[in-house]
Amino acid sequence: MRIWEEDVRPMWTRDTPMSPEERITVSMGALDRLLGQRQTNVSRGEMGVLGFLSQHGTVSPTDLAESLNVTTARIANTLKALERKGFIQRKINPDDRRGVIVRITPEGQRFGEEQYRTAVAGVKDLLAALTEDERSQLAGLVEKLVVTAAWAQGVAPPPLPMQGPDRPA
């Protein structure tokens, strides 16, 4: 039996209304695809490492892996890629010469800040369709989901951002 192109429909297409969970799943997937279109030369994991190093300074790869809830092998590969790009430096730990410590370079700091500003601007443009109250409510709901997801994964939730109008953008 041959399936004709016009017979192929997305799996979420149906004749009955979707549940809220289905609507959210489909919408988040669409947003991820639409917002993920920007081209950079770093992965999400690399951006996570740059963000962490930017906020926490010099750390060991093991501490970095534990903090980001990834394997040490994943961190080793990520650090190798970031080092090749000139965004981080690895040095012998002066307190324990058997280990290394990692720090972000000024170039990595600039790149990370630029990517962050670009991401925030994109979200700000996207959220312009919402009222201030709706944006605030959405922020609270997303933060709640982050905490729930962290606990479900058995890890401590990341620190939540400061709230309020005095938060620098």
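Let's start with aromatic pairs. A search of the whole structure of this predicted model finds one. By definition, rings of Phe, Tyr and Trp (its six-membered ring) pair if their centres lie within 6.5 Å; planes under 30 degrees apart count as stacked, over 60 as edge-to-face, and the rest as tilted. Here the partners are Phe 87 and Phe 111. Their ring centres are 4.7 Å apart and their planes meet at 20 degrees, so this pair is stacked.

Where do the two sit? Phe 87 is in the loop between α4 and β1 (88-92), and Phe 111 is in helix α5 (residues 106-127), so the pair ties together parts 24 residues apart in sequence. Helices (H or I, at least four residues) and strands (E, at least two) are DSSP runs, numbered from the N terminus.

Buried or exposed? Phe 87 counts as buried, at 5% relative accessibility. Phe 111 is buried too, with a relative accessible area of 14%. The cut-offs: buried is under 20% relative accessible area, exposed is over 50%, and partly exposed is in between (1.4 Å probe, protein chains only).

A word on the model. It is predicted: local features need pLDDT of at least 70, and side-chain atom pairs count only at pLDDT 80 or more, while totals for chains, interfaces and linings use all residues. Residues are numbered from 1 along each chain as its sequence is written, and side-chain values use heavy atoms, leaving out hydrogens and water.

Now the overall layout. The protein chain has six helices and two strands. Along the sequence, the pattern reads α-α-α-α-β-β-α-α. Of its 169 residues, 17% count as buried. Take contacts (heavy atoms within 4.5 Å). Among those between residues at least 6 apart in sequence, 40% join residues at least 24 apart.

What does Leu 79 touch? Leaving out residues up to four places away in sequence, Leu 79 touches Val 49, Pro 61, Leu 64, Ile 88, Arg 90 and Val 102.

On to helix packing. Helix α2 (residues 44-56) and helix α4 (residues 72-84) pack at about 80 degrees, with axes 10 Å apart. Axes are lines fitted to C-alpha atoms, for helices over the stretch in contact, and angles run from 0 to 180 degrees between N-to-C directions. α2 and α4 are therefore roughly perpendicular. That term covers 65 to 115 degrees; under 35 is roughly parallel, over 145 roughly antiparallel, and the rest oblique. From α2, the contact uses Gly 45, Glu 46, Val 49 and Leu 50; from α4, Ile 75, Thr 78, Leu 79, Ala 81 and Leu 82.

Also in helix α4 is Arg 74. Arg 74 is exposed, at 54% relative accessible area.

Last, two loop residues. Asn 93 is in the loop between β1 and β2. At 17% relative accessibility, Asn 93 counts as buried. Asn 69 lies in the loop between α3 and α4. Its relative accessible area is 46%, so Asn 69 is partly exposed. Phi of Asn 69 is near 60 degrees, a positive value in a residue other than glycine. Most residues other than glycine have a negative phi.
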